[in-house]
Amino acid sequence: MINTVTTTIAGQQIKIETGRLAKQSDGSVLVSSGNNMVLVTAVSARQAKPDQGFFPLSVEFIEKFYAIGKIPGGYFKREGKPSTESVLNARIIDRPIRPLFPEGYMNDTQIVATVLSADGAFPVEILASLGASAALHISDIPFGGPTAACMVGRVDGQFIANPTPEQKAKSDMNIIVSGTKNGILMVEGEAQFISEADALAALKFGHQSLLPLLQIQEELREKTGSVPKRAFVPAVIDADFKTAAESLLTPLIEKAMSMKVKQERYAAFDAAKTTAKEALVQNIADDKLKSQREKELSNIVEDVKYKVARAMILDKGSRIDGRDLKTVRSISNEVGILPRAHGSGLFTRGETQCLGTVTLGTADDEQSIEALEGSYKKKFLLHYNFPPYSVGETGRFGGQGRREIGHGNLAERAIKAVIPDHVNFPYTIRIVGEVLESNGSSSMGTVCASTLALLDAGVKIKGNVAGIAMGLIKEGDRVAVLSDILGDEDHLGDMDFKVAGTANGITAVQMDIKIDSVSFAVMETALNQAREGRLHILNEMEKVINVPRGQISEFAPRIETIKIKPDKIREVIGSGGKTIRSITEQTGVKIEIQDDGTINIASADPAATKKAIAIIEAICAEAEVGKTYQGKVIKIAEFGAFVEILPNTQGLLHISEIANERVRQVTDVLKEGEMVDVKVLEVDRAGRIKLSRKALLQ
């Protein structure tokens with residue numbers, strides 16, 4: 001049976017349908033708005049795999065090019081690996097639903113969102129996020145939803161829900177808000193230097209806008225018969241064993257928590273676990289029971305760490321490394337540490353260290369992207385790398401994981417707002433953030449290192465950007481908001497809220513919640529506290545460098561920009577590109593020509609750039625009345641000679657203008673191929689040029 005529910009948000013109808021497609025899934029819905037359609041399925045295994053130690057939730061966002069009536073490019077002409085945008089959209093779906101599965105649920109669970117039709121008028125990631133929640137909500141999979149998402153823009157001071165591409169282009173913010181009826185679960189977005197008050201207002205607007213989407217999911221569940229959820233009972237640890245382990249571990253964990261150095265603290269945690277294992281597990285004769293107790297002990301250690309760390313903060317106002325709630329760890333900065341990179345900056349905050357590098361390129365270095373919304377090129381790129389040695393581990397290299405893609409995108413959003421306009425700085429800019437050490441918010445460390453590297457590279461950015469990660473500990477009515485969280489505080493806390501921006505406002509935000517939701521009062525506190533921390537970090541960075549260097553690196557290409565008339569572009573390019581190829585072969589420069597007549601000439605050799613400009617200017621030059629030229633006789637006729645005074649520009653030297661005396665035949669004075677000085681007497685409306693040699697003889 002097909003069931004359908006609809007609602008309208010900001011004048012846009014949104015429909016959820018179930019019962020027609022992919023019926024063998026545990027939950028399947030088709031979400032649509034206008035010509036945009038996304039099929040979302042949810043499937044969860046009936047049993048967990050043996051020895052499963054984490055919740056194996058996977059989310060796939062699949063773009064099909066038939067959705068826009070297009071055949072994919074490339075040799076195979078079919079969709080390949082997920083694009084960066086697909087990975088980011090999968091994360092948008094994953095992050096708000098993940099905390100709503102019951103604790104201890106370990107069954108393989110997969111959400112697949114497939115874009116079946118798209119016209120670009122509605123953000124399909126919002127439909128996919130809605131579909132994921134709806135598919136789970138109507139299924140028998142244990143899930144504490146529903147959730148929904150809304151994209152928030154602002155044009156001319158007015159908030160807009162799920163803006164069109166045209167509205168997004170004019171908007172000073174683009175923020176996705178996900179939540180339940182109780183509050184917000186996830187935030188992801190960018191902005192143009194907005195205030196904390198404006199950010200909070202946007203989040204409130206987004207949450208209010210998504211409420212109708214929660215209501216229609218409840219209606220859909222009722223229509224489908226309110227399928228009972230699967231019985232799920234989390235594994236119970238033997239009470240006596242748990243009590244004995246907690247009694248032994250608590251003082252050892254408390255002592256370890258007082259150690260400020262991460263590696264020493266982790267070594268103490270391992271020692272505490274070993275002590276408990278030797279005392280409580282080692283002598284168990286039954287191998288099966290012994291294996292079970294070892295797994296339970298690992299869980300108990302994490303539970304004790306969770307309780308001890310949170311009690312320290314809520315009861316004593318003291319954090320793991322001894323800081324109070326607002327203090328930012330010690331910061332050091334360096335710039336110019338790499339001799340050949342065009343710019344470099346090293347940012348160290350506590351035990352988190354990030355190296356930022358900048359490389360300046362030309363139009364040839366732009367990234368070409370084929371996406372559902374159309375093909376386009378990126379002139380600014382930021383890549384984030386998180387090698388295993390940054391946390392003292394070994395691991396596999398090769399390709400970026402979803403986490404690296406997500407963190408890199410967050411840092412790119414934060415920095416993008418200050419990148420100079422391409423017309424004023426016609427370079428392709430690539431930043432690479434290398435995380436060398438990590439203990440809390442390496443993405444915000446990358447933002448800071450990137451700013452230092454841009455300043456070192458001489459890029460005239462619109463402002464200096466810093467970022468900070470905020471945390472939350474909440475037990476009932478007791479709440480503590482933490483500035484500049486450690487990795488352990490992220491792991492053991494209830495919120496990871498990253499805020500980046502300049503002294504003038506916010507440029508990027510990202511928030512994930514591990515509890516049901518967070519109130520707007522807590523978010524307001526976190527935003528204001530984040531501003532204090534951000535300004536402190538900026539102040540420390542600007543002690544080392546606060547304005548861009550006066551010139552770019554000697555190893556970077558120099559780009560000179562000239563302007564020609566658009567109707568001269570064809571002459572510069574030449575037939576089949578012959579002329580422009582000739583210029584590049586003669587000079588070794590790179591040339592980019594835009595439709596408006598702007599030409600960017602790039603080379604590390606100033607002399608080569610100067611030569612190329614001279615050639616182009618000569619090609620585009622136009623005859624000026626009264627000016628003298630040395631031209632070449634191209635053709636001789638009875639009535640005069642045609643003389644090329646500029647490339648592709650000829651004028652008529654009439655027989656009466658060749659000499660002071662009467663000339664019987666042109667060939668008596670001139671020969672084809674001869675160079676002759678002439679003066680321009682006239683250029684008529686048709687562009688015909690009248691020349692004189694006689695005027696120069698007089």
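Modeller: Ser 28 is buried, its relative accessible area being 7%. Bear in mind throughout that this is a predicted model.

Biologist: Which backbone oxygen does the side chain of Ser 28 reach?

Modeller: Ser 28 is found in strand E3, which covers residues 27–33. Beyond its neighbours within four places in sequence, Ser 28 is in contact with residues including Glu 17, Thr 18, Leu 39, Ala 135 and Ile 138. At a distance of 2.8 Å, the side chain of Ser 28 reaches the backbone oxygen of Leu 21.

Biologist: What is the phi of Ala 22, which is among the contacts of Ser 28?

Modeller: Ala 22 lies in the loop between strand E2 (12–18) and E3, and at 32% relative accessibility it counts as partly exposed. Although Ala 22 is not a glycine, its phi is positive, at about 50 degrees.

Biologist: And what is the phi of Phe 193?

Modeller: Phe 193 has its place in strand E10, residues 183–194, and is partly exposed with a relative accessible area of 27%. Phe 193 is not a glycine, yet its phi is positive, at about 60 degrees.

Biologist: What is the omega of the cis peptide bond that joins Gly 145 and Pro 146?

Modeller: Pro 146 is placed in the loop between H2 and strand E7 (148–155). For the cis bond between Gly 145 and Pro 146, omega is about 10 degrees.

Biologist: How far apart are the C-alpha atoms of Gln 110 and Ile 689?

Modeller: Gln 110 lies in strand E6, residues 109–117, and is partly exposed, with a relative accessible area of 38%. Not counting residues up to four places away in sequence, Gln 110 touches Thr 41, Ala 42, Val 43, Ser 58 and Glu 60. Ile 689 is 579 residues from Gln 110 along the chain, and the separation of their C-alpha atoms is 75 Å.

**Cores and domains**

Biologist: Which residues touch the most other members of the largest nonpolar core?

Modeller: The core in question has 126 residues, and those touching the most other members are Ile 415, Ile 429 and Phe 497. Its largest share, ten residues, comes from helix H2 (residues 124–138), while at least three residues are drawn from each of domain 1 (3–224) and domain 3 (331–543). Leaving aside neighbours within four places in sequence, Phe 497 has contacts that include Ile 468, Met 470, Val 509, Met 523 and Leu 527.

Biologist: How many residues of domain 3 are in contact with domain 2?

Modeller: The domain assignment places domain 2 at 239–316 and domain 3 at 331–543, and their C-alpha centres lie 34 Å apart. On the domain 2 side 15 residues take part in the contact, and on the domain 3 side the number is 17.

Biologist: How many of the 15 residues of H8 are buried?

Modeller: Helix H8 (residues 402–416) reaches 21 Å from its first C-alpha to its last, close to the 21 Å expected at 1.5 Å a residue. Its buried residues include Glu 404, His 407, Glu 412 and Arg 413. H8 is largely enclosed by the rest of the structure, because the number of its residues that are buried is twelve.

Biologist: What arc do the buried residues of H14 cover around the axis?

Modeller: In H14, the buried residues are Ala 608, Thr 609, Ala 612, Ile 613, Ile 616, Ile 619 and Cys 620. They lie on the same side of H14, because the arc they cover is only 135 degrees.

Biologist: Which exposed residues does the face of H14 turned away from its buried side carry?

Modeller: The buried residues of H14 pack against elements that include strand E22 (558–563), helix H13 (578–587) and strand E24 (598–603). The face turned away from that buried side carries the exposed residues Pro 606, Ala 607 and Lys 610.

Biologist: Which backbone nitrogen does a side-chain oxygen of Asp 605 approach at the start of H14?

Modeller: Helix H14 covers residues 606–620. At its start, a side-chain oxygen of Asp 605 comes to within 3.1 Å of a backbone nitrogen, that of Ala 607.

Definitions and conventions:
Residues are numbered from 1 along each chain as its sequence is written. This is a predicted model: local features need pLDDT of at least 70, side-chain atom pairs count only at pLDDT 80 or more; totals for chains, interfaces and linings use all residues. Side-chain values use heavy atoms; hydrogens and water are left out. A nonpolar core is a set of buried Ala, Val, Leu, Ile, Met, Phe, Trp, Tyr and Cys residues joined through side-chain atoms within 4.5 Å. Buried means under 20% relative accessible area, exposed over 50%, partly exposed in between (1.4 Å probe, protein chains only). Helices (H or I, at least four residues) and strands (E, at least two) are DSSP runs, numbered from the N terminus. Domain bounds come from an automatic or database domain assignment. Contact means heavy atoms within 4.5 Å. The expected span of a helix is 1.5 Å times one less than its number of residues. The arc is that of the directions from the helix axis to the C-beta atoms. A polar contact is a pair of N or O atoms within 3.5 Å; within protein, one must be able to donate a hydrogen and the other to accept it, and residues adjacent in sequence count only if both atoms are side-chain atoms.
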